[in-house]
Every structure is written in C-alpha cells, then in structure tokens.
Amino acid sequence: SALVVKGSLFLLVRLWFDALPALRDPAAMQLLASLGAAAVILGSLSALRQARLKLLVAYSTVAQIGYMFFVFTLVPTAQGETWVASTAWTGGFMQVVAHAFAKAAMFMAAVLVAEALGHDRIDDLAGLARRLPLVVFSFAVSGLSLMGIPPSGGFSAKWMLLMAALAQGHWLWAAVIIGGGVLAGAYVFRVLGRMMAEPPQGLAAKPVSGSRQGVALALALVSVLLGLLPLEPAAVLQIGRGP
C-alpha cells in the first residue's frame, strides 16, 4: 500500500508528461481527474462501510491514491504558469510521500490489533485504547495525515493541490479535495470511537512487541512531521527527465 501502488502511478506520470505529451488534451485531462475524484469519493464511502479494520485501511488507500490523479489536470499546459505547475507538482509529490508513511503506520497498527485480539472487527474494538494505547495513538496520528489536518504532510499536500485547483478555476476538483478530507475524518473517527469505548467485561489482549509498536508510531510521526518541511519544488521529480 505504501510503495507498490505508486509504481503504476510513476509510469503513468512519465508517459503523460515526458514520453507522450501529445496525450495531454483537455478531454483526457478531465477523464483522469474524474477517475481520481471517483476514487476519492467511492474509496472513502467504501471504507466507511467496512466491518474489518484492514479492509477499511485498504479502501482508504484507494481514496488517497485518487488525490494524486489530480496532478494530471492541475499541471497547466500553458506556458507562463510556473507557480501553479510547481504547486501542483509539489503537492502531488508530498501526497505520495505522506501517504506512504501514514498508510504503512496504519496497516502496521491494524496488524498489531489483529495479533493482539485475534480479529480486526471494528465493532469489537472497544477497550483497545486501554490495552494498546501506543497502537491506538499510532493509528490516530497517521489518520491526521489522511484527513489533511495541519501540520501533517497530508495537509500540506492537499492544501497545495487545493490552491492549484482554485488558481485555475477547477471548483469541482477543489470540492472533492475538501470533501475527501471530511470523509476520511468520518472513517478514522469511526474506528477511534470504537477503540476508546468502554471495554467489555473480560476483554483479553495478547501482548505485542514493543519495538513493533514503536516502528508504527515512528512511521506515523514522520507522516505528520513532513508537513513542517519547507514547501519547495522537489528536485527528485526531475531525475531521469530530459532538458
């Protein structure tokens, strides 16, 4: 989820902007943006309907990948719009990196929950905050980036994509970016609400490795601390590109 799903996106970016720039006609650009918007909305709604934690996190990935497809239409084709292009590029790159750390942390937290309880049913997670507070905290911190809450890396990414959309008058895509953050908050708080509920009598949880909990927390903290980095065009995007 953190890395493999980005491979096809990387290939598509190189084909779209470098190898086959003639493909960048307005209809194709709107098609890719529409697919991204559909992924954001339908992925988030599907996450809300899941009964299992790992499936919720998996559908959340569908939604978060959708944001990256806005780059294909938010990078302007006209010359002289370097500020908008730079903002869209940097926002898309930040979304890739912030999502990688946040989702790695969230999946690791979900695995630790399943290992401790023997299941990952969301409705049966009551009392987990008392038994595994570090795991719950890791899930919550990584959720900040998915929702786009400042100062997380996810906030920086979504803010730059939003600014690029508004600068070009793409009001629909701007609304999807904002709405996706609201839906992300809904499914993240749905899980946290159950984890922090009053535990049932006789709740048993197996001990899990403290080092693995620490790794999940470190990944989650990185996804938030990314938002404190200077927002400058990423030079890594130019690697392998022609003059």
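User: Which residues do ring pairs link into a cluster?

Analyst: This is a predicted model, in which local features need pLDDT of at least 70 and side-chain atom pairs count only at pLDDT 80 or more, while totals for chains, interfaces and linings use all residues. Residues are numbered from 1 along each chain as its sequence is written, and side-chain values use heavy atoms, with hydrogens and water left out. Rings of Phe, Tyr and Trp (its six-membered ring) pair if their centres lie within 6.5 Å; planes under 30 degrees apart count as stacked, over 60 as edge-to-face and the rest as tilted. Ring pairs of this kind join five names into a cluster, namely Trp 16, Phe 17, Phe 69, Phe 72 and Trp 89.

User: How many residues apart in sequence are the parts that the pair of Phe 17 and Phe 72 ties together?

Analyst: The rings of Phe 17 and Phe 72 are stacked, with 6.0 Å centre to centre and 15° between the planes. Helices (H or I, at least four residues) and strands (E, at least two) are DSSP runs, numbered from the N terminus. Because Phe 17 lies in helix α1 (residues 4-19) and Phe 72 in helix α4 (residues 71-74), the parts that the pair ties together are apart in sequence by 55 residues.

User: Is Trp 173 buried or exposed?

Analyst: Trp 173 forms a tilted aromatic pair with Phe 70, at 5.9 Å centre to centre and 40° between the planes. Buried means under 20% relative accessible area, exposed over 50%, and partly exposed in between (1.4 Å probe, protein chains only). Since the relative accessibility of Trp 173 is 6%, this residue counts as buried.

User: Is α3 roughly parallel or roughly antiparallel to α5?

Analyst: The axes of α3 and helix α5 (residues 82-117) come within 10 Å and cross at roughly 175°, where axes are lines fitted to C-alpha atoms, for helices over the stretch in contact, and angles run from 0 to 180 degrees between N-to-C directions. Angles under 35 degrees count as roughly parallel, over 145 as roughly antiparallel, 65 to 115 as roughly perpendicular and the rest as oblique. The crossing therefore makes α3, relative to α5, roughly antiparallel.

User: Over the ring of which residue does the charged end of Lys 158 sit?

Analyst: A charge sits over a ring if NZ of Lys or CZ of Arg is within 6 Å of the ring centre and within 35 degrees of the ring normal. The charged end of Lys 158 is 4.7 Å from the centre of the ring it sits over, which belongs to Tyr 67.
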